[in-house]
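Here is a short report on the fold and the ligand shell. Have the sequence and the coordinates open while you read.

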Amino acid sequence: MSHALSPIPVSPYTTGKPVVSVRGLVRNFGNGNVLDGLSLDLQPGTFTALLGRSGCGKSTLLRTLAKLDPAPEGDVQLPEERAVVFQEPRLVPWMRVLRNVTLGLRHPDAEVRGLAALAEVGLSHRARAWPLTLSGGEAQRAALARALVREPRLLLLDEPFAALDALTRMRMQGLVETLWRTHAPAILLVTHDVDEALLLADRAVVMADGKIAADIPIPLARPRRHGDPGFIALRSRLLAELGVDEEHLAAREPQRIDAKGTDTRAAGAKPGSYGLPAGAAAAPSL
Ligand SMILES: Nc1ncnc2c1ncn2[C@@H]1O[C@H](COP(=O)(O)OP(=O)(O)OP(=O)(O)O)[C@@H](O)[C@H]1O
Ligand SMILES: [Mg+2]
């Protein structure tokens, strides 16, 4: 069985020189420490999912790693080549898509590179379009191209699929996995969706009380399937780390895994729900 849960002998993210190294990170907005001595290493080319309750500080950590916030307290080592994609595409409306992608890129071949990045995300035909004429999925693909063109060693993704419909979301997940395989940046993906974390990442870290409270390897073979026993076991473990009562949720959603072990709801996940449908999301206070 290829999807074994047995521990991998040497964890890929505990050896070698990390591309991101954070020690004792503290961030305070005047009402207690949001980040409270947080430490985290990311190894080059690894895919890490970052989970945790709403308001626990995930975006604060990402903004710090993107250097979008003032210099923090603590030791933070980052690569120069960083890029970030948010839940909203944040395209400049009065610039065409290609110009958005190459904005701020100081390179003689900026346009060629921009076009290549757009081709990689399947948006060549929209290079001359205005952002407001793009669909939600197209706009997020443009945002991905804008990140990609910078050839990041660190790609930060803050709930990048959360605003998309389920089908577009699945396609985007596949695209991000392909781009990760091709370009091998270290990726830190914030998500509320446990299944998304398990589909994409090598490792899941859970934030609580301003720190990394759990650090869980995901040694599943790819491509991954919701119904595989290893997947299901890791889902239970992650939900437990997140403090979600799985039995309570299963009672609310009896059809989720059918008798053949197939996830009957795979295309119906809603954002903000740890991979659970909208009705169940309201139950746990996440
Ligand atoms: N600029 C700011 N000024 C004041 N408080 C802030 C600021 N940014 C974040 N916070 C507070 O810090 C805490 C963590 O916020 P953050 O956005 O990092 O949470 P999160 O884990 O990303 O939540 P969510 O899952 O809902 O996106 C929250 O209590 C938030 O209100
Ligand atoms: Mg957030």
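**Basis.** This is a predicted model; local features need pLDDT of at least 70, side-chain atom pairs count only at pLDDT 80 or more, and totals for chains, interfaces and linings use all residues. Residues are numbered from 1 along each chain as its sequence is written, while chains are lettered from A and ligands numbered from 1 in the order in which they are written.

**Make-up.** The chain has nine helices and nine strands. These are DSSP runs numbered from the N terminus: helices are H or I with at least four residues, strands are E with at least two. Of the 286 residues, 42% are buried, meaning that 20 or more other C-beta atoms, placed from the backbone, lie within 10 Å of the residue's own. Contacts are pairs whose C-beta atoms, placed from the backbone, lie within 7 Å. Among contacts with a separation of 6 or more, 70% link residues 24 or more positions apart.

**Sheets.** Two strands pair if DSSP finds at least two bridges between them. Angles run from 0 to 180 degrees between N-to-C directions, on axes fitted to C-alpha atoms (for helices, over the stretch in contact).

One open sheet has three strands in the order β2-β1-β4, paired antiparallel. Its edges are β2 (33–42) and β4 (73–77); each has a single partner strand, so one side of each lacks a neighbour in the sheet. Neighbouring strands here are turned by 15 degrees on average, direction ignored.

Another open sheet has six strands in the order β5-β6-β7-β3-β8-β9, with mixed pairing. Here β5 (82–85) and β9 (211–217) stand at the edges with a single partner strand each, so one side of each is left without a neighbour in the sheet. The twist averages 20 degrees from one strand to the next.

| Strand pair | Bridges | Direction | Bridge partners |
|---|---|---|---|
| β1 (20–28) and β4 | four bridges | antiparallel | Arg23 and Asp75 |

Helix α1 packs on the six-strand sheet, touching β3 (47–51), β5, β6, β7 (186–190) and β8 (203–208). Its direction makes about 150 degrees with that of β7. Helix α7 (229–241) lies across β8 and β9, at about 175 degrees to β9.

**Ligand shell.** Which residues surround ligand 1? They are Phe29, Val34, Gly52, Ser54, Gly55, Cys56, Gly57, Lys58, Ser59 and Thr60. The shell takes residues whose C-beta atom, placed from the backbone, lies within 6 Å of the molecule. Helix α1 (58–65) gives the most, with three residues. By class, three are nonpolar, six polar and one charged. Nonpolar covers Ala, Val, Leu, Ile, Met, Phe, Trp, Tyr, Cys and Pro; charged covers Asp, Glu, Lys and Arg; the others, Gly among them, are polar.

Definitions and conventions. Buried ≥ 20, exposed ≤ 12 C-beta atoms within 10 Å, placed from the backbone. Contact = placed C-beta atoms within 7 Å.
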